[in-house]
Amino acid sequence: KTRKPENPKTRKPENPKTRKPENPKTRKPENASMIPPLRWNDAARCVDMLDQTQLPTAETWLQIKTPAEMGAAIKRLSVRGAPAIGIAAAYGVILSLNERADNPVAHALESANYLATTRPTAVNLFWALDKMRAVATGFDGDAEALYVALLAAAKRIHEEDLAAGEQLGLYGLEVLQEGMRVMTHCHAGGVATSGYGTALAPLLMSTARGVHLEAIVNETRPLLQGSRITAWELQKMGVPTTLITDSMAGHAMQQGMVDAIIVGADRIAANGDAANKIGTYALSVLAKAHDIPFYVSAPCSTIDLQVASGKDIEIEQRSEQEVTHGFGRQTAPDNISVYNPAFDVTPAANIAAIITERGIVWQPTTEKVAGLF
Ligand code: MRU
């Protein structure tokens with residue numbers, strides 16, 4: 001039997017600052033297992049990376065040894081998902097020190113500038129690179145000392161994301177109850193982060209606590225992150241999952257098959273508008289029409305207070321090939337004109353709540369989002 005969550009429209013807003021997070025030391029043990037997309041390889045001084053382009057048919061690991069290789073991996077989506085891109089780029093800066101020992105500070109800063117050009121929308125990329133730049137700028141020491149300092153900074157970014165994923169998953173328990181059918185779009189699970197995911201973290205934590213949920217996964221054209229990665233991860237998590245094409249989402253809602261929608265985000269503006277994979281905005285409109293709560297789950301590193309509203313978020317435009325050759329073969333006539341924005345913006349008004357590691361922001365506004373910081 002399914003149960004609807006409390007109506008977010010009538011619910012009393014809570015102050016995320018005063019709500020205490022569950023203490024990870026005292027809370028009941030559980031078996032939420034995470035799926036990490038990359039790790040720093042100390043011996044080889046490189047990044048071991050799961051090649052997400054090969055999922056779900058192959059779990060291939062790459063060795064990324066230079067900033068250029070890292071940039072290429074980010075651009076072709078071998079590593080993808082906002083938090084994972086930020087972590088990967090942070091390690092990418094360290095790889096610059098493998099290339100030459102002279103003027104390591106300049107070389108590290110150059111790499112950071114290059115890596116910032118790889119993808120424009122996910123703010124975690126810029127957030128992580130700023131932290132790495134802060135370590136390198138004015139660093140007074142040799143290449144080895146800089147390596148140690150940059151590695152410590154990258155590992156901190158990595159570990160903090162892991163803790164954030166776990167904590168936002170715990171907060172997310174509040175919106176999921178036994179028997180709920182949860183729709184998600186794109187992929188915002190373990191391999192899009194350091195391991196717990198954002199949209200999928202509450203599902204992971206609920207499932208680990210014996211709450212039975214079902215997932216409805218939109219395949220997510222054009223690159224099928226939903227069917228290739230989300231469905232794969234949910235199977236590993238043991239969540240019964242139904243895959244649909246994007247155009248079936250409205251019908252599924254109309255048929256009463258969806259109790260809640262949870263998505264991730266690539267950048268959340270100061271007013272709560274959220275950029276996420278193309279198709280998310282349409283889902284939010286459908287959710288409103290069907291009175292289904294629509295949640296965005298993201299760490300605070302995805303919130304960009306410099307951007308007042310979603311209209312100022314840069315939307316990545318990707319290659320026409322992704323649309324014309326979607327399934328390993330040409331699926332459109334030659335010379336057809338193509339529009340391929342990778343993301344869209346869901347207005348805060350369509351979002352029941354933003355789930356973060358610092359608490360849940362119900363019916364987000366500029367004031368409430370600012371309250372997280
Ligand atoms: O183009 P992608 O695959 O990087 O897009 C990813 C998304 O839109 C995710 O939903 C978002 O980054 C959240 S990741 C936890």
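**Entry 1: Arg267 and Asp304**

I began with Arg267, which forms a salt bridge with Asp304, and I noted 2.7 Å between their closest N and O atoms. This is a predicted model, so I read each distance here as a property of the prediction. The bridge links distant parts of the chain, since Arg267 belongs to strand S8 (residues 267-269) and Asp304 to strand S11, 37 residues apart. Buried or exposed, I wondered, is Arg267? Arg267 has 10% relative accessibility, under the 20% cut-off, so Arg267 counts as buried. Asp304 is buried as well, with a relative accessible area of 9%.

**Entry 2: other salt bridges**

Next I looked up how many salt bridges there are, and the count comes to 10. One of them joins Asp42 to Lys155, with the closest N and O atoms 3.5 Å apart. I found Asp42 partly exposed, at a relative accessible area of 46%. Lys155 is also partly exposed, with 26%.

I then turned to Arg133, which forms a salt bridge with Asp130 at 2.8 Å between the closest N and O atoms. Here both residues lie in helix H4, three residues apart, or about one turn of the helix. Asp130 counts as partly exposed, at 46% relative accessibility.

I also noted a network of salt bridges that links Arg119, Glu316, Arg318 and Glu322.

**Entry 3: aromatic pairs**

I moved on to the rings and got a count of three aromatic pairs. How are the rings of Trp40 and Tyr91 arranged? Their centres are 5.5 Å apart and their planes stand at 20 degrees, so I logged the pair as stacked; planes under 30 degrees apart count that way. Trp40 lies in strand S1 (residues 38-41) and Tyr91 in helix H2, so this pair ties together parts that are 51 residues apart in sequence. Both Trp40 and Tyr91 are buried.

For Tyr295 and Trp362 I read a centre distance of 6.1 Å and a plane angle of 80 degrees, so that pair is edge-to-face. Tyr295 lies in strand S10 (residues 294-297) and Trp362 in strand S14 (residues 359-362), so the pair ties together parts 67 residues apart in sequence. I checked burial here too: Tyr295 is buried, and so is Trp362.

Ring pairs also link Trp40, Tyr91 and Tyr147 into a cluster.

**Entry 4: charges over rings**

Tyr147 came up again when I looked for charged ends over rings: that of Arg45 sits over the Tyr147 ring, 3.6 Å from its centre. I found the charged end of Arg39 over the ring of Trp61, 4.3 Å from the ring centre.

**Entry 5: the largest pocket**

Last, I opened up the largest pocket, which has a volume of about 440 Å³. Which residues lie nearest its centre? I listed Trp127, Cys300, Ser301, Arg358 and Phe373, out of 25 residues in the lining. The elements that give two or more residues to this lining are helix H2 (82-99), helix H4 (123-136), helix H5 (143-172) and strand S11 (303-304). I sorted the lining by residue class and got 14 nonpolar, five polar and six charged.

Note on methods. Residues numbered from 1 in each chain as written. Predicted model: local features only at pLDDT ≥ 70, side-chain atom pairs only at ≥ 80, totals over all residues. Heavy atoms only, no water. 1 Å grid on protein atoms, 1.4 Å probe; cavity = no way out; pocket = protein on both sides within 12 Å on 5 of 7 lines; lining within 4 Å. Points joined across faces, edges and corners; volume = space filled by probe spheres on them. Helix = DSSP H or I, 4+ residues; strand = E, 2+ residues; numbered from the N terminus. Nonpolar A, V, L, I, M, F, W, Y, C, P; charged D, E, K, R; others polar. Phe/Tyr/Trp six-rings, centres within 6.5 Å; stacked < 30°, edge-to-face > 60°. Buried < 20%, exposed > 50% of the residue type's maximum accessible area, 1.4 Å probe, protein only. Lys NZ or Arg CZ within 6 Å of the ring centre and 35° of its normal. Salt bridge = Lys/Arg side-chain N within 4 Å of Asp/Glu carboxyl O.
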